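Please look through the model shown here and follow a few of its residues one by one, with attention to where each sits and what surrounds it.

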Amino acid sequence: MTEGGSMSLDLSHLRENYTKDGLDVNNLEKNPFGQFEKWFREALDAKQPEPNAMIIATVDSNGQPWTRTVLLKHFDEKGFVFYTNYNSNKSRQLEQNSKISLMFLWLELERQIIINGIAEKVSTMESMTYFMKRPFSSQLGAWVSSQSSVITSRKILEMKLDEMKRKFAEGKVPLPDFWGGFRVIPQRFEFWQGRPSRLHDRFQFLKEGNDWTIERLAP
């Protein structure tokens, strides 16, 4: 605490010198999905905690950016899929403005990937196929939580969970009509590799028609 009780914390001494790897255009995959898969598999091999965790950014009707962390559940050359409550803040914001940004951060590998694109809802069949693979408790959780709404206590959630357990005691939980997936269709990728002296390697892939152009960016 500083004088008067206000908080102040000097973090200028906290710094890392990134030395684990480098990135050059000659060792980049020509397709950004291939490069993503390569780095993702390396994150898996390195046993990164929750390697499929990604920060997603959306913008509300007032132009205020919002960020939160979700889990990537599927990716291919059609896009990157995550699941959520369609009444949540993120879903409402995406209905108004489908532009979205994703970020994967793998600190132990000194890497991050940023993906900018457009989000669209996946089909009900695709959502149902994934929902049926979820553990029973996670299926119930989708029914219990009115995501982003204000609640007075955790007890409300616990009571609703007990209610859902009784309602679906036979173990067959239907897909809620307010729950499903979004697919992010990329328009830009950025691959970032930490380097010494803050001279990091950054490459962006930009979509131009059916092709991708690759450019190196200054750190």
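Ser197 sits in the loop that runs between strand 7 and strand 8 (201–208), and in this predicted model its phi is near 60°, a positive value in a residue other than glycine. Most residues other than glycine have a negative phi. With a relative accessible area of 57%, Ser197 is exposed, because the cut-off for that class is over 50%.

Glu110 also has a positive phi, of about 60°, although it is not a glycine, and it belongs to the loop between strand 5 (99–106) and strand 6 (111–121). Its relative accessibility, however, is 10%, so Glu110 counts as buried, the limit being under 20%.

Strand 7, which spans residues 179–193, contains Arg183, a residue that is buried at a relative accessible area of 8%. Leaving aside neighbours within four places in sequence, Arg183 is in contact with Lys78, Gly79, Phe80, Val81, Ile118, Ala119, Glu120, Val122 and Glu126. Met164, by contrast, is 19 residues from Arg183 in sequence, while the C-alpha atoms of the two are 29 Å apart in space.

Helix 3, made up of residues 124–131, holds Ser127, which counts as buried because its relative accessibility is 2%. Not counting residues up to four places away in sequence, Ser127 touches Tyr83, Tyr86, Val122, Leu175, Trp179, Gly180 and Gly181; Val122 is likewise among the residues in contact with Arg183.

Technical notes
Residues numbered from 1 in each chain as written. Predicted model: local features only at pLDDT ≥ 70, side-chain atom pairs only at ≥ 80, totals over all residues. Heavy atoms only, no water. Helix = DSSP H or I, 4+ residues; strand = E, 2+ residues; numbered from the N terminus. Buried < 20%, exposed > 50% of the residue type's maximum accessible area, 1.4 Å probe, protein only. Contact = heavy atoms within 4.5 Å.
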